[in-house]
Amino acid sequence: MRVIHVEHLTKKFAGFTAVDDLSFTVSPGHVTGFLGPNGSGKSTTMRCMIGLDHAQGGSATFSGVSYSKLTQPLHRVGTLLDAGNAHSGRSARNHLMWLAASTGINKSRVDTVLEQVGLGEVSRRRVGKYSLGMKQRLGIASVLLGDPEVLILDEPVNGLDPEGIRWIRDLLRDLAKEGRTVLVSSHLLSEMALIAEELVVIGQGKLITQCTVGEFTARYAKQWVRVVSPQVDALKPLAVARGATMSEENGAINFHGMTAAELGELGATAGVTFHELSPQTGSLEDAFLDATASSVQYHGAKSEGLAH
Amino acid sequence: MLHLMKSEFIKLRTLRSTLTATFVLIAFPIAVTVLSAMFAKSPGETMVMKVLTNTGTVSMLLCGVLGVFAIAQEYSQGTIRITFAATPTRMKVFAAKAIVISLWVAISVAVLEGVGLIGANYALHRRGFDFGVIYSPSIFDNSSGHGDSAWQVLFAFGIVCILFALIGFALGALLRSSPGAIATLILVPLLVEGIVTGLLLAAFDIDISRKTPFTAAIRAVQVEPDAARWGLVGYFSIWCLVITVIAALLMKRRDA
């Protein structure tokens, strides 16, 4: 029940394809980040996985069984698609009570999960009075209610304060360590880098890559060598002759297209003294932006454009 | 199925809007009926029953509103996704909701009728009248041409209230919007049916006044109906059934 297989999943709405022949696998034991820019099809994919949206093609299975065929799915797969999916006029406790009753979960479990997510003292307050962060916690409580083996969460850190973010990060890691399968979507790679070990990256509904965070960085992050030297002008033409490009940054020169070892050897032959020769790696955020650059659906205006 | 029904019952009883609508649908006809019994110049069984069923028209509409609430609020608040995630077999959810809202309305109407008649009976006794509906329910002082007993009127009223709840539920499922479904539920019987009937009569000399479904439902609960009571109830039931089946099929097919 613990491995999620998504195979050739396709979901079309009038006029466009939201999920396009998407395939990936999510394994238990670690958190898998489901990444993509806004509008890339993450939420639609998750809705198709649990049968809320009807896919036109492909399948999503939980150890070979489709979600609709699961008996008592709350005990198998816990899902959080939108923290706002709770009636604003109902208390958090009553919200979980009806959910628990629908599959025969004991009332005491409701109080247990409310305490677990830190809402025990405010559980009788109406959801409409909750902050977004509290609603997220309620959403997590509904996921945990059935003590499921698989957890699917769509942007769970939205609206959480730093303490809440750390809490959910630790919770998801702990759940994964227990051998559960955890799939978490986000458009923030920096957050995913702290939670996830594996990434499924999509853009415009298509799979861009599935790999570990380390592999993703190695494949997509920019790498360069930062050089500080009194004789850097002597090094520049030699590096250019070998195909390197350069840029200046705070008194240092960044060399692109050569490794630190190559630059060190080149400098030694030319008698260049180095005060700094350090390999640099671009941020995961930059790597993510580079990987998904061609598939971003909604671009913002550049800041200089906005200034006019 | 029992788990699902319990879940749906919790949903209904934990919302202020549902409880308020239920209170009004019960209290309004009771209050008017008892006040009529207290102050009417020439009270009797037929008068009390007429007041109860006529003011009960408001209750019928409120039963429809409860039906709308049972499903449309789930769409507007997003809880339908949690409901379907917990129970992927949507027809089970549909059936559980329909059964629970029907039982809810049936009990509410039973309370309305029981308390209304007992209250009216008590008021009349205090005035020295001997009110007979409760003691000899088969006889009206002004019996209709269809030979209906008070029990038949009360039973028909209960059935029509349940049908209103179901048609409201079906409209809520179709439109997925409380304001849209409630507007449809109120405007069709009060306005649209009359306008369409008038237009067809004026333009094409076609009279559908005896075929409009909501009007048939309201005629069915009159103390002295102008047609066979159970024929009118059956006719409205067919409309409810058709709309409910369409709503169920669409709920199964559409994305949540």
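Strand 1 (residues 4-13) of chain A and strand 2 of chain A run antiparallel to each other, held together by 7 bridges. In this pairing, Phe13(A) has Phe16(A) of strand 2 as its bridge partner. Keep in mind that we're looking at a predicted model here.

Strand 1 of chain A also pairs with strand 4 (residues 57-62) of chain A, again antiparallel, through 5 bridges. One of the residues to look for is Ile4(A), which sits opposite Phe62(A) in strand 4. Phe62(A) also turns up in the next pairing along, where Val65(A) of strand 5 stands opposite. Strand 4 and strand 5 (residues 65-66) of chain A are antiparallel and joined by 2 bridges.

| Strand pair (chain A) | Sense | Bridges | A facing pair |
|---|---|---|---|
| strand 1 and strand 2 | antiparallel | 7 bridges | Phe13(A) and Phe16(A) |

As for the turn between strand 4 and strand 5 of chain A, the hairpin has 2 residues between the strands, and Ser63(A) adopts a positive phi near 50°.

Now over to chain B, and a pair of helices. How do helix 5 and helix 6 of chain B cross, left-handed or right-handed? The crossing is right-handed. The axes of helix 5 (residues 90-126) and helix 6 (residues 150-175) of chain B come within 9 Å, at an angle of roughly 145°. On the helix 5 side, the contact includes Ala98(B), Ile101(B), Val105(B) and Val109(B), while helix 6 brings residues including Leu154(B), Phe157(B), Ile162(B) and Phe169(B). Sorted by class, this helix-helix contact in chain B has 13 nonpolar, 2 polar and 2 charged residues.

That leaves the place where the two chains meet. Chain B puts 23 residues in contact with 28 residues of chain A. Which elements of chain B give two or more residues to the side that touches chain A? They are helix 1 (2-13), helix 2 (16-39), helix 3 (45-77) and helix 4 (79-86) of chain B. By class, the residues on that side of chain B split into 9 nonpolar, 9 polar and 5 charged.

Definitions and conventions. Residues numbered from 1 in each chain as written. Chains lettered and ligands numbered in written order. Predicted model: local features only at pLDDT ≥ 70, side-chain atom pairs only at ≥ 80, totals over all residues. Pairing = 2+ DSSP bridges. Helix = DSSP H or I, 4+ residues; strand = E, 2+ residues; numbered from the N terminus. Axes fitted to C-alpha atoms, helices over the stretch in contact; angles between N-to-C directions. Left-handed = near helix turned anticlockwise from the far one by under 90°. Contact = placed C-beta atoms within 7 Å. Nonpolar A, V, L, I, M, F, W, Y, C, P; charged D, E, K, R; others polar.
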